[in-house]
Amino acid sequence: MKEMKANITGKELLDLGYPEGKVIGIALEIAEQHYGSCGIEQTAKVLKSVLLKPEDFVNDNQLSAIAQELLKPKDDVLPLRDTPDLYKVYGAEGIEQGAVKQIEMAMRLPVARAGALMPDAHQGYGLPIGGVLATENAVIPYGVGVDIGCRMCMTIYDIPESILSERKDDLRKMLIRNTKFGRATFSRPKDHEVLENSLFNEIKLIGGLKDKAASQIGSSGGGNHFVEFGITEIEDPDNEFKLPTGRYLALLSHSGSRGFGASIAQHYTKLAMSRCKLPHEARHLAWLDLNTEEGQEYWLAMNLAGDYASACHHQIHERMAVGLRATPVAMVENHHNFAWKEKDRMGNEIIVHRKGATPAGKGVLGIIPGSMTAPGYIVRGKGAESSINSASHGAGRAMSRTQAKNTLDKQAVAKHIHTAGVEVIGSGIDEAPMAYKDIKQVMESQKDLVDVVGSFQPKIVRMCGDDKFQEVD
């Protein structure tokens, strides 16, 4: 083949997710012929679109050859079931079709045993956000997600809610001083025993990530991650905390395993896709067999990332406890973006992937947040078999980030937040309350899955970003 002068390289196509083989040469030739005057970013965007949905480009005048090559059946590709196994949907009226298609694709996997969609579900990669999938002896890295072990953590203080008005400025400064988001990290990160885990010496990939993990510990990611003060109202007199019903100061955080978990996810996703060849449209559901060395290695790394995420939260809450000069009277914590070894009703072991879904086994406590102005809920699982012992992990997005940025008016959002009596310290318009579903409707759709123990109303919210929504003209 003649040397190509296209503005994109074969390596960059591989980085986009293109499979090795003939399609790389076809894509390079088409890029040279039709996109030579375009920049790399624009060319990559076009070629990524073909990769993601080649069926949409089969008749395209310029890109059809790429699409047809991508859609060709490969000899070593594992077949899917012709039709998806049955699965349960909660709150179907609020779930976009893309999420439904993704769970149906997952239920065609030969290793799939059960599935469910939570009422906050929306489209993601591999499994939809809000998707629950049980498999037999197989773990799907993209079924867990990139932010491994992302979780909620709440501490409750026996401090009157009046502190939120009487010491509002102190609490605001406390959040700014003791939290870091996105790329920001602490100049002197605290140590933690999780960093002494033997896996840092036993698995080469993990060892290479130790410095990153140590530098980012105690900080939070971007996007929808937050740390916030608010009011928790304990409603159930028989609550597990043994607290009198009433209103308490509380701190709630949401974040995951940072760059450490993301690097693990990326590495083992590529490994799974190279070992487990699936039809193009299902490639993000590639799994690792737990009987293999790679599968066991990912399982250990995933669990370490979950422990690391928990350590990050605990350091955040420890810093706040020092600032408040008070000891919490209760803590509740749960995670999602994870896989668990559980038993089905016949006693068989299954691997339950909860990508943006909260464990809700019988008696299991969890937190389901709303938005920055809507309440969240402390819940107790009912152990519903139809949901695979799961519930939603939040309200779920009603708008994509792009849609929110393009359609929402910043001043209108600021007015809404001000009216709700909430102060927001740094955020983006894509996290505006109206970008999310109605949490009360979500909770109504899963009343058979959880009981409400208490509620949480945000009051001072710290997120990643520069927008200031508390100012109203």
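In what order do the five strands of the open sheet lie? In this predicted model, the order is β1-β2-β3-β11-β10, and the pairing within the sheet is mixed. The edges are formed by β1 (88-89) and β10, each of which pairs on one side only. Strands of a sheet pair through backbone hydrogen bonds, in either a parallel or an antiparallel sense.

Strand β2 (residues 112-122) is in turn paired with β3 in the antiparallel sense, over six bridges. Here alanine 114 has alanine 134 of β3 as its bridge partner. The two strands form a hairpin with six residues between them, and glycine 126 in the turn adopts a positive phi of about 70°. Strand β3 also pairs with β11 (residues 349-355), again in the antiparallel sense, through five bridges; in β11, isoleucine 351 stands opposite threonine 135. Strand β3 (residues 129-135) is mostly covered, with seven of its seven residues buried.

Helix α5 lies across β2 and β3 and runs at about 170° to β2. Because seven of its ten residues are buried, α5 is largely enclosed by the rest of the structure. The buried residues of α5 are Gly98, Ala99, Val100, Gln102, Ile103, Met105 and Ala106, and the elements covering them include β2 and β3. Helix α13, by contrast, lies across β10 and β11, running at about 110° to β10.

Helix α13 (residues 293-324) is also packed against helix α8 (residues 168-178): the two axes come within 10 Å and cross at roughly 145°. The crossing of α8 and α13 is right-handed. On the α8 side, the contact is made by Leu171, Met174, Leu175 and Asn178, and on the α13 side by Arg319, Met320, Gly323 and Leu324. Classified by residue type, this contact of α8 with α13 comprises five nonpolar, two polar and one charged residues. An α-helix has 3.6 residues a turn, so residues three or four places apart point the same way.

The largest nonpolar core has 56 residues, and those with the most contacts inside it are Leu109, Ile148, Ile206, Phe260, Ile264, Leu278 and Tyr298. Two or more residues are given to this core by each of α5 (97-106), β2, β4 (138-139), α9 (199-202), α12 (258-275), α13 and β10 (338-343). Helix α13 provides the largest share, nine residues. The surroundings of isoleucine 264 illustrate the packing in this core. Residues up to four places away in sequence being left aside, isoleucine 264 touches Ile148, Leu205, Ile206, Leu209, Tyr298, Ala301 and Ala305. A second, separate core has 53 residues, among them Val332, Ile367, Ala395 and Leu408.

Technical notes:
Residues are numbered from 1 along each chain as its sequence is written. This is a predicted model: local features need pLDDT of at least 70, side-chain atom pairs count only at pLDDT 80 or more; totals for chains, interfaces and linings use all residues. Side-chain values use heavy atoms; hydrogens and water are left out. Axes are lines fitted to C-alpha atoms, for helices over the stretch in contact, and angles run from 0 to 180 degrees between N-to-C directions. Helices (H or I, at least four residues) and strands (E, at least two) are DSSP runs, numbered from the N terminus. A crossing is left-handed if the near helix is turned anticlockwise from the far one by less than a right angle, and right-handed if clockwise. Contact means heavy atoms within 4.5 Å. Ala, Val, Leu, Ile, Met, Phe, Trp, Tyr, Cys and Pro count as nonpolar, Asp, Glu, Lys and Arg as charged, and the others, Gly among them, as polar. Buried means under 20% relative accessible area, exposed over 50%, partly exposed in between (1.4 Å probe, protein chains only). Two strands pair if DSSP finds at least two bridges between them. A nonpolar core is a set of buried Ala, Val, Leu, Ile, Met, Phe, Trp, Tyr and Cys residues joined through side-chain atoms within 4.5 Å.
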